[in-house]
Amino acid sequence: MKIERIELREIQLPLVTPFETSFGQTTGRQIILVKVFAEGLIGWGECTVGENPFYNHESTESAWATIRDYVAPMILGQDIEAPSQITSLTAKIRGNKMARGAVETAVWELEARRQNVPLWKLLGGTQTEIACGVSIGLQETDAALLKKIETEVSAGYQRIKIKIKPGRDYEMTKAVRKEFPNIKLTVDANSAYTLNDVKLLKKLDEFDLLLIEQPLAYDDIIDHAELQAQLKTAICLDESILSVDDARKALKLNACRIINIKLGRVAGHTEAQKIEAYCRERNIPVWCGGMLEAGIGRAHNIAMSTLAGFTLPGDVSASKRYWAEDIITPPVEVTPHGTIIPPTGAGIGFEVNEKRIEALTVRKDLIQ
Ligand code: OSB
Ligand code: MG
């Protein structure tokens, strides 16, 4: 097939509750949606980039320009036999993986619709029910955090992830563990610490955490290896893993024992599949990380999470935790035992609410 044109849109969508990490607070998202056209069919992708270059180097603004000026021109009119070719056609672009991933995932969706199969089956997924966790942002007080956790545990979520940062770590985690002795609990530092904090990070071993996510620098594996050697708790890398090569190097150095895969961070489904396979062959658990996605990104995350290696509950949770109204119908719903059943329809398997998207659109571009 040949991709004939690519429509870019930016939508603005307020979060139902602000989300705070060690690198800042988000009250609403500026999301780029990608619609690709070929042979009378369409495919949808969502760029997982943040508004600001604080999680990684990319931002909504940089991704918009990168897709328009580089990714789209590299693939328009090319003969494409498989969606994985998008990855190779755009491989010349250094970094900017969220920009590349937005288009790559859209082409996967289009291909799934063309073959009239669910995207998750096209990807090779085998799990017909996926385990869900939640990621809870930093709260004003420990009491507020405990209340949020209570709500999510009652809703059935199988794993609770809390955000930590210096000054909001040991005592807060201790309070959570005391109140919830039996939950699967993880902490995510989003790179807020250095090796000078080893003593504090070692103390987190007391709390029987499933993992500690990205404690050290966003681009590091060397210091993480040194830290992992001193911790009982498994380190899970998020920010540091951009490719299967990164995963290979991190595992070779024993920098982590678990990997979080985010579609955007690794440039799309093709690389995500490679990381999943690499880790599965080595018994390294992986799980799907979230980037506060709206429905299209969420649906792609669900599809990816059906791959066999995704054995730990992901950050894939219900639409209503984020949005008053999602951009897909039905919204993503979670069963009372904290799972999502992947949809049976073709492509992402959810209907895209184009009317709502049009109403939320703040800019649009058509590249052909
Ligand atoms: O580190 O996993 C992270 C959100 C934005 C940026 C980075 C991260 C997160 C989350 C949110 O933890 C996960 C979600 O989508 O619920
Ligand atoms: Mg993280």
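Is lysine 199 buried or exposed? At 75% relative accessibility, lysine 199 counts as exposed, where exposed means over 50% relative accessible area, buried under 20% and partly exposed in between (1.4 Å probe, protein chains only). Lysine 199 sits in helix 7; helices here are DSSP runs of H or I with at least four residues, strands are E runs with at least two, and both are numbered from the N terminus.

A word on the model: it is predicted, so local features need pLDDT of at least 70 and side-chain atom pairs count only at pLDDT 80 or more, while totals for chains, interfaces and linings use all residues. Residues are numbered from 1 along each chain as its sequence is written, and side-chain values use heavy atoms, with hydrogens and water left out.

Now for the charge pairs. Searching the whole structure turns up 24 salt bridges, each a side-chain nitrogen of Lys or Arg within 4 Å of a carboxyl oxygen of Asp or Glu. One of them joins arginine 363 to glutamate 10, with the closest N and O atoms 2.7 Å apart. That pair connects strand 15 (residues 361–367) with strand 1 (residues 5–21), 353 residues apart. Arginine 363 is partly exposed at 23%, whereas glutamate 10 is buried at 4%.

Next, look at aspartate 188, which bridges to lysine 161 at 3.4 Å between the closest N and O atoms. Aspartate 188 is in strand 7 and lysine 161 in strand 6, so the pair ties together parts 27 residues apart in sequence. Aspartate 315 is buried, at 5% relative accessibility.

Technical notes:
Chains lettered and ligands numbered in written order.
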